[in-house]
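Hi everyone, thanks for coming. I'd like to walk you through one structure today, starting with the overall layout and then stopping at a few places along the way.

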Amino acid sequence: MRDPGETDPCLTALRELKEETGYVGHNPRPHALVKSDPWKSNSTHCQIYVDIDLPQKNLITNLEFEEDITPMWIKLKDLKENLEKIAKEMDCDLDQRLYAWALGIDFA
């Protein structure tokens, strides 16, 4: 989510990555700005790939009060299967954008 006054989605992505996972990213690569639900809102999002140098130690997050985020590493080839397993075990919902990406990887 862009903070007030932010205009560069790449800088927003790098900030959000640091705040929510503690990881410092670089080399942001934005993709097309798309509508999240074009039939019912003007809400948009942009997928941005970033590079992360590993290992990074002493990761410190800066989560907002209502955020409950646990970073985890999952191999791309196992993404769909692991997302489904985690959602079931934690009794939580999956974001459709992440799941659609996992389906695409699984299909390929």
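So, reading from the N terminus, the elements of the protein chain go α-β-β-α-α. That comes to 3 helices and 2 strands. Keep in mind that this is a predicted model.

Taken along the principal axes, the C-alpha atoms fill a box of roughly 45 × 35 × 30 Å. The chain has 108 residues, and buried ones make up 19% of them.

Okay, on to the helices. Two packed helices are described by the angle between their axes and the distance between the axes. Here, look at α2, residues 79-90, and α3, residues 96-107: their axes come within 8 Å and cross at roughly 140°. So α2 is oblique to α3, because an angle has to be over 145 degrees to count as roughly antiparallel. Who makes the contact? On the α2 side you've got L79, K80, L83 and E84, and α3 brings L98, Y99, W101, A102, L103, I105 and D106. Sort the residues of that contact by type and you get 8 nonpolar, 3 charged and no polar.

Now let's jump to the start of the chain. M1 sits in the segment before α1, which covers 9-21. Is M1 buried or exposed? It's exposed, because its relative accessible area is 78%, and the cut-off for exposed is over 50%.

Last stop, S36. You'll find it in the loop between β1 (25-35) and β2 (44-52). S36 counts as buried, because its relative accessibility is 19% and the cut-off is under 20%. What does S36 touch, not counting residues up to four places away in sequence? That would be S43, T44, H45 and R97. With H45 there's a polar contact, side chain to side chain, at 3.1 Å.

That's my tour, so over to you for questions.

Note on methods:
Residues numbered from 1 in each chain as written. Predicted model: local features only at pLDDT ≥ 70, side-chain atom pairs only at ≥ 80, totals over all residues. Heavy atoms only, no water. Axes fitted to C-alpha atoms, helices over the stretch in contact; angles between N-to-C directions. Helix = DSSP H or I, 4+ residues; strand = E, 2+ residues; numbered from the N terminus. Parallel < 35°, antiparallel > 145°, perpendicular 65-115°, else oblique. Contact = heavy atoms within 4.5 Å. Nonpolar A, V, L, I, M, F, W, Y, C, P; charged D, E, K, R; others polar. Buried < 20%, exposed > 50% of the residue type's maximum accessible area, 1.4 Å probe, protein only. Polar contact = N/O pair within 3.5 Å; in protein donor to acceptor, adjacent residues only side chain to side chain.
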